[in-house]
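Work through the exercises below with the model open beside the text, and compare each step of the solutions with what you find there.

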Amino acid sequence: MTSRNLTPLLPLADAATRDLERSISDTAHVLLFGAIGWPWLLRSLSGGSRAHKAALIERLGLAPDALPYLGSWKADTGLLTMLADHVETRRPDTVVEFGMGASSLVIGRALQRNGHGQLISFDQNQGFVAATAEWLAEQGIAADLRFAELGASPRGWPGAWYQAVDVPPQIDLLVVDGPSWSIHPYTRGAAEVLFDRIPVGGTVMLDDARRPGERVVAARWRARWPDFEFRIADGGTKGTLVGTRLR
């Protein structure tokens, strides 16, 4: 979830997140990983250099103010450039994203420039979905932006996951940038419920992969999904886990 506005260090709060029931174990994990993860949080304050942002904006033909603020819990220029590269070179037909914002803007414009492909993006904050839709519309970008409540996670993962409906049967690129670690450090691991929909040659990208919680998620995915090759891409300040389906 990446706002177009200047924001503080921590993610946007919303009623859906505040009202989630949390066990003592969930709360303990959040406190522990918050304590050990503060060096990463400080490093993530940078959204990338002005030069890198300007180059990305020019490359995609966006307005100069299309990406006003990046960094902190938002996407940085490293991740956004990686997404643009992937969409332009791999030319996916269907991109599904969890946690919308600047990444939606970049993916949508890259697909538009390809001349084909669709973006379906989910977020748990209804107001933010509407604001993001307006943001993309101002840039002439079309995308299918959907509200999805958070609820019980599948396959035994802690925290919460999106109760998304009508998810496409095939996903060429799956982008996981939510929910927030403040729900549970492992909460994004539940995205694996969609891995069976990724075809051979398809890709999953997990943002914030250098965080302690996401490192645990990555280890579990590697063990559970031998048909995928996983690597850490360090183009940005926070690291991205890239998984490609081999068979």
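**Exercise 1.** Determine whether phenylalanine 230 is buried or exposed, and then describe how its ring is arranged relative to that of tryptophan 221.

*Solution.* Phenylalanine 230 has a relative accessible area of 11% and is therefore buried, where buried means under 20% relative accessible area and exposed over 50%, with partly exposed in between (1.4 Å probe, protein chains only). Tryptophan 221, at 0% relative accessibility, likewise counts as buried. The ring centres of tryptophan 221 and phenylalanine 230 lie 6.3 Å apart with the planes at 35 degrees, so this pair is tilted; rings of Phe, Tyr and Trp (its six-membered ring) pair if their centres lie within 6.5 Å, and planes under 30 degrees apart count as stacked, over 60 as edge-to-face and the rest as tilted. Phe230 and Trp221 belong to one aromatic cluster together with Phe195, Trp225 and Phe228.

The model is a predicted one, in which local features need pLDDT of at least 70 and side-chain atom pairs count only at pLDDT 80 or more, while totals for chains, interfaces and linings use all residues. Residues are numbered from 1 along each chain as its sequence is written, and side-chain values use heavy atoms, with hydrogens and water left out.

**Exercise 2.** Of the 10 aromatic pairs in the structure, examine the one formed by phenylalanine 98 and phenylalanine 122, and state which strands it links.

*Solution.* The two rings are stacked, at 5.2 Å centre to centre and with 15 degrees between the planes. Phenylalanine 98 lies in strand S1 (residues 94-98) and phenylalanine 122 in strand S2 (residues 118-123), so that the pair links distant parts of the chain, 24 residues apart; helices (H or I, at least four residues) and strands (E, at least two) are DSSP runs, numbered from the N terminus. Phenylalanine 98 is buried at 1% relative accessibility, and phenylalanine 122 is buried with a relative accessible area of 1%.
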